[in-house]
Amino acid sequence: MLSIKVAEKIFHTILAVIGVPVNLLGIVILSRGKCGLSTCTTRYLVAMATADLLVIITHVILTKIRNYYFPVTFLDITPVCSVHVVLLVAATDCSVWFTVTFSFDRFVAIRCQKLRTKYCTGKTAAVVLVTTGILLCLKNISWYFTYEAFVIIDNVPWGCFPKPSIYTDPGWVGFSWFKTVLTPLLPFGLILLINALTVTHILVASRVRKGLRAQSKGENRSDPEMESRRKSMILLLTISGIFILLWSVHVIKFFYIDVRGLVYLTYPEYILQQVGFMLRSLNCCTNTFIYGVTQSKFREQVKKTVKYPVTSIIQLMKKKNRLSDASANRRVPAADGQALPPMRELRMLTDSSISQSGIAAAN
C-alpha cells in the first residue's frame, strides 16, 4: 500500500497546484460574458467552476495536502473538523448537482422549444442554482452531529471520530443511504438519461431539417440553427461525459464494496477505492480545459488574460525607461558640438540672456 500512498501524495499535490488557478481562470473569464455563451449557460458554468474550486480547497488542500505536510493543526479541533466535513460534503454535492442542472438546462434548450423561452434565462438559472445550493447545504448540516472527539487535551476536544450510533441507529443508517443515492447515484442516472434523450432528439431533428432544406432549396448550405445545436451538444456531452467517466469508478466501488458491507479490504479493493476517490477529485479540474477545447472564444479570452500581465509589465518597463532617459537628459550637460533638445536649448538661451541682462544692469 506504500506505492499507492506515494502516488496519492504526488497526485493531490499536482491537483492542488493546477486546480486552484485553473478554476479561478475559468471563473474570471466566464464572468466577463465575452465567450459567446448565453447568460443562463454562463451562470451555470460559473457556478460549476466555483463549486469545483471549493472542492479543491476543502478536500484536496485542507484535507489531503494538510494531512501529508501538516498532520496536526487547529483544523483537527473537533468543532472545526466537523464544520470542515460539512463544507466538504456540501461543496461536493454542489459540484455534482450543478452539473445535473446544467445538463437539464441544455436539454430544455435543445428539445423543449416552448419551455425554452421561459426556463433558459439568466434569472431562472440564478434561482435554480441558489435553491439547489441552499437545499444541499441544509441537508449536510446533519453531518456536524455525526462526529465526536477522539481525545481531549486541556479541555480541548481533538479529532473527528464517527459516533458508533451512526452505524446502528436506523435514522442515521437511512440518512447514509439517502446521502449515497443523492450523490452520486441519482445524478449519475439522470445525466445518462438526459444525454440519451438529448442526443436522440438532435439526431431525429437533424434528419428532418436536412430533408426539408433539401426539398426546398435542393442544395446543402450551412444551417445556423443546427450549428448552434451542434455546439451546444458538444459542450453538454463533453462535460457530462467526462463527469460520468471520472465518477464511474467511484460508483463501481460503491456497489462492489459499500453495498457488500466490506470493512477489511484486500489490496486490489483498496486500490479500487483510492483510485475512485482520486478520479472523483480530478473531475474538479477538467471543465476549464473542456471550455478551452470546445469554445474558440473562450480560448481567445484565455490568451488575452494570460498575455495581459506580461504586456502590462513590458509597457511599465518601457515607460520607466523613458522617464529615466528624460531625467538623464535634464541632468547631464551636452558635450561640445552635440545638438541640444529644443527645450534644453531654449532654457540655456533664456538663462544666458538673463545673465547678460544682469551684468549690463550691474554695469
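Let's start with Arg-106, which forms a salt bridge with Asp-105, the closest N and O atoms being 2.7 Å apart. By salt bridge I mean a side-chain nitrogen of Lys or Arg within 4 Å of a carboxyl oxygen of Asp or Glu. Arg-106 is buried, because its relative accessible area is 8%, and Asp-105 is buried too, at 0%. Buried here means under 20% relative accessible area, exposed means over 50%, and partly exposed is in between, with a 1.4 Å probe and protein chains only.

A quick word on where this comes from. This is a predicted model, in which local features need pLDDT of at least 70 and side-chain atom pairs count only at pLDDT 80 or more, while totals for chains, interfaces and linings use all residues. Residues are numbered from 1 along each chain as its sequence is written, and side-chain values use heavy atoms, leaving out hydrogens and water.

One is between the side chains of Arg-66 and Asp-76, at 3.1 Å from N to O. Arg-66 sits in helix 2, residues 39-69, and Asp-76 in the loop between helix 2 and helix 3 (78-111), so the pair links distant parts of the chain, 10 residues apart. Both Arg-66 and Asp-76 are buried. When I say helix or strand, I mean DSSP runs numbered from the N terminus: H or I with at least four residues for helices, E with at least two for strands.

The other joins the side chains of Lys-139 and Asp-93, 2.7 Å from N to O. Lys-139 lies in helix 5 (residues 122-140) and Asp-93 in helix 3, so this pair ties together parts that are 46 residues apart in sequence. Lys-139 counts as buried because its relative accessibility is 12%, and Asp-93 does at 1%.

Now, over to the surface. Which residues form the nonpolar patch? They are Val-83, Leu-87, Val-130, Ile-134, Leu-135, Leu-138, Ile-141, Tyr-144 and Phe-145, with about 840 Å² of accessible area together. Areas come from the Shrake-Rupley method with a 1.4 Å probe, and for residues only the protein chains shown count as cover. Patch residues have over 30% relative accessible area and no salt bridge; like charges are joined within 9 Å, and nonpolar side chains (Val, Leu, Ile, Met, Phe, Trp, Tyr) within 5 Å.

Helix 5 gives the most to this patch, with 4 residues. Ile-141 is in the loop between helix 5 and strand 1 (147-148), and Ile-141 is partly exposed because its relative accessible area is 41%.
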